[in-house]
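Colleague: Hi, could you walk me through this one? I'd like the overall picture and then one residue.

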Amino acid sequence: MFDFRLRVFHTVAKRLSFTKAAEELYISQPAVTKHIHELEQQLGMALFERIGNRIKLTRAGQLVLHHAEIIFTDYRNLEYEINQLKHTQGGLLAIGASTTIAQYLIPPLLAKFNQRYPDVKTSLSTGNTEQIEQALFEKSILLGIIEGSSKNPLLKYVEFARDEIVLIGNPKHQYGNGEPLTANDLKTIPLLMREHGSGTLEVITDELKRLKLKITDLNVAMYMGSTESIKSYLHHSSCAAFISLQAVQREVEAGEFVVLPVKNFRVIRKLHFTYLQGLQDKLAQLFIKFAKQHITE
């Protein structure tokens, strides 16, 4: 980093804590205070104000934070282009992916990417679609990978793959009369659903509208925060659940779960890369290009 003092300010501004900034940067808290004081002297304005035991950004601090993030994007792009001149790739790429994608789709791609570009340091955080988009706004990640059809005008969305959502159940139990399930059947079967804010729940809700069903019409036994917890629960219950086919392919092939066809119901969802409008981080663009080339391998 060309200006460590700006990095210190940025870390304090994002964490709103001198102590947490010191821990993250592996320096002492007095050193953090010194860097902030020197930056404030240089600018001639206070960047933080104390409110009891908390701190908040002043208007000047908010302005510095805005420009610091632009500067850091330029720094990353400069590092990327210098490395290209040296015929290498390097830098830090923070990715956030919604839970199903992070568990089943992205790890193999990241492994290939890290093997191809060993000098690029990647990190992967998880959350539902709403949480990933919020992380983009907070700039704690540079690139999101989400399910669902969220279309925030402040974000750019790039489709890169498709996934099917299927209704699965425990083969020890009978669902319906052996024929494809009807809308009325869905009202009676106890269902496990992903939590509110998840991309999976969003696309299921949209598709149910075609059957003239709302979530409140269904017999929802429980909302759960991850696909893995739903799968574990299903092994011990007569519930059914809408789950990504990629997430249960192995269990379906092994006979641990069965796919339950639903009449006039099929969910093919698009998976998207997403990033802030106008942000052209070159490492993020490199990963997008790489992933689209290798997603089917």
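This is a predicted model: local features need pLDDT of at least 70, side-chain atom pairs count only at pLDDT 80 or more; totals for chains, interfaces and linings use all residues.

Colleague: Great. How many helices and strands does the protein have?

Modeller: There are 12 helices and 11 strands, taken as DSSP runs (helices H or I, at least four residues; strands E, at least two) and numbered from the N terminus.

Colleague: And which domains is the protein divided into?

Modeller: Domain 1 covers 4-81, domain 2 covers 84-161 + 271-293, and domain 3 covers 162-269; such bounds come from an automatic or database domain assignment. The centres of domain 1 and domain 3 are 47 Å apart, taken over C-alpha atoms.

Colleague: What share of the residues is buried?

Modeller: Of the 297 residues, 47% are buried (under 20% relative accessible area; exposed is over 50%, partly exposed in between, with a 1.4 Å probe and protein chains only).

Colleague: Switching to Glu 251: where does Glu 251 lie, and why does it count as buried?

Modeller: Glu 251 sits in helix α11, residues 245-253. Glu 251 counts as buried because its relative accessibility is 5%.

Colleague: What is Glu 251 in contact with, leaving aside neighbours within four places in sequence?

Modeller: With those set aside, Glu 251 contacts Lys 231, Glu 256 and Phe 257, where contact means heavy atoms within 4.5 Å.

Note on methods
Residues are numbered from 1 along each chain as its sequence is written. Side-chain values use heavy atoms; hydrogens and water are left out.
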